[in-house]
Amino acid sequence: MEIDDGAAPNAPTTAGTAATAGTAAAAGTSTSKSARTRERILDAAAHVLSRKGYAGTRLVDVATHANLQAPTIYYHFGSRDELIEEVMWVGAARVHAHVVDELAALPAETSPLDRILTAVEAHLRYELLISDYTTASIRNANQVPEGLRAKAAAEEAAYAKLWRDLFAAAMDAGQLRPDLDISISRLLLLGAMNWAAEWWNPRHRTLEDLVSSTQDMVRYGMTPAGR
């Protein structure tokens, strides 16, 4: 390759620099567009899966909701099950992250019991108002083949540990009844909150009513003061 007169032997020419920058910018734009398309597909799949379930979710419906051609999905996901597996994982990961963030925002002096009550509200609001992903993950946990559950199950295990730690801290602080089986109580609470995705209708009960009633289950059913 010839070097222009006056240019240092290894210095890029102005034209070469511009071309390199243009290529990098184009690559960045392409990557960004690809990432946005992938997110659109995931959003659409979460919407369809949360409403039609595993058996009823078709890629053509996902593509229609994403306003894309169905073959575009295969550029980002190898199969319908791969797409559903990712939605299930995102649902578990995002509700976990949301609850962690809400707890982290509390003042340091917040009592262990109030941390549980905050986690209750954060979980319900994220599940029912914010995320199709979490609703899809909860509703289809027992529908998808076991092989598609592994990735989400690992995230769910980490989330379950967060709740175990919350209950253990409240018990150690004397804010839960000493005779309370915190393992059973925790599972019952999480099960009740997850099941709300199946029956809660904002036309009949406000989310504030649901949150308050669920918190009262903890406040008056699990604490010495409540008894």
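The questions and answers below set values from a predicted model against the definitions behind the terms.

This is a predicted model, in which local features need pLDDT of at least 70 and side-chain atom pairs count only at pLDDT 80 or more, while totals for chains, interfaces and linings use all residues. Residues are numbered from 1 along each chain as its sequence is written, and side-chain values use heavy atoms, with hydrogens and water left out.

Q: What makes up the secondary structure of the protein, and how are its elements defined?
A: Helices (H or I, at least four residues) and strands (E, at least two) are DSSP runs numbered from the N terminus, and by that rule the protein has nine helices and zero strands. Read from the N terminus on, the elements run α-α-α-α-α-α-α-α-α.

Q: Why is Thr214 called buried?
A: Buried means under 20% relative accessible area, exposed means over 50%, and partly exposed lies in between (1.4 Å probe, protein chains only). Thr214, which has its place in helix α9, has a relative accessible area of 6% and is therefore buried. Contact means heavy atoms within 4.5 Å, and, not counting residues up to four places away in sequence, Thr214 touches Val120, Leu124, Leu189 and Met193.

Q: Why do Arg125 and Asp165 count as partly exposed?
A: Arg125, found in helix α5 (residues 112–130), has a relative accessible area of 24%, and so it is partly exposed. Asp165, which lies in helix α7, is at 41% relative accessibility and therefore also counts as partly exposed.

Q: Why does Asn67 count as exposed, and what is its phi?
A: Asn67 is at 67% relative accessibility, so it counts as exposed. Asn67 lies in the loop between α2 (59–66) and α3 (70–76), and its phi is positive, about 60°, although it is not a glycine. Most residues other than glycine have a negative phi. In α2 itself, the buried residues are Leu59, Asp61, Val62, Ala63 and Ala66.

Q: Why are α4 and α7 called roughly parallel?
A: Axes are lines fitted to C-alpha atoms, for helices over the stretch in contact, and angles run from 0 to 180 degrees between N-to-C directions. Angles under 35 degrees count as roughly parallel, over 145 as roughly antiparallel, 65 to 115 as roughly perpendicular and the rest as oblique. The axes of α4 (residues 80–104) and α7 (residues 150–172) come within 8 Å and cross at roughly 20°, and the two helices are therefore roughly parallel to each other. Their crossing is left-handed, a term that applies if the near helix is turned anticlockwise from the far one by less than a right angle, with clockwise giving right-handed. On the α4 side the contact includes Trp89, His96 and Leu103, and on the α7 side Lys151, Tyr159 and Leu166 are among the residues.

Q: How do you know that α8 is roughly antiparallel to α9?
A: The axes of α8 (residues 182–199) and α9 (residues 207–221) come within 11 Å and cross at roughly 160°, and that makes α8 roughly antiparallel to α9. The crossing is right-handed, and Leu189, Met193, Ala196 and Trp199 in α8 meet Leu210, Thr214 and Val218 in α9. These contact residues divide into six nonpolar, one polar and no charged, where Ala, Val, Leu, Ile, Met, Phe, Trp, Tyr, Cys and Pro count as nonpolar, Asp, Glu, Lys and Arg as charged, and the others, Gly among them, as polar.

Q: Why are α7 and α8 called oblique?
A: The two helices pack at an angle of about 130°, with their axes 10 Å apart, and α7 and α8 are therefore oblique to each other. Here α7 passes α8 in a right-handed crossing. The contact includes Trp163, Arg164 and Phe167 of α7 together with Ile182, Arg186 and Leu190 of α8, and its residues divide into nine nonpolar, one polar and two charged.
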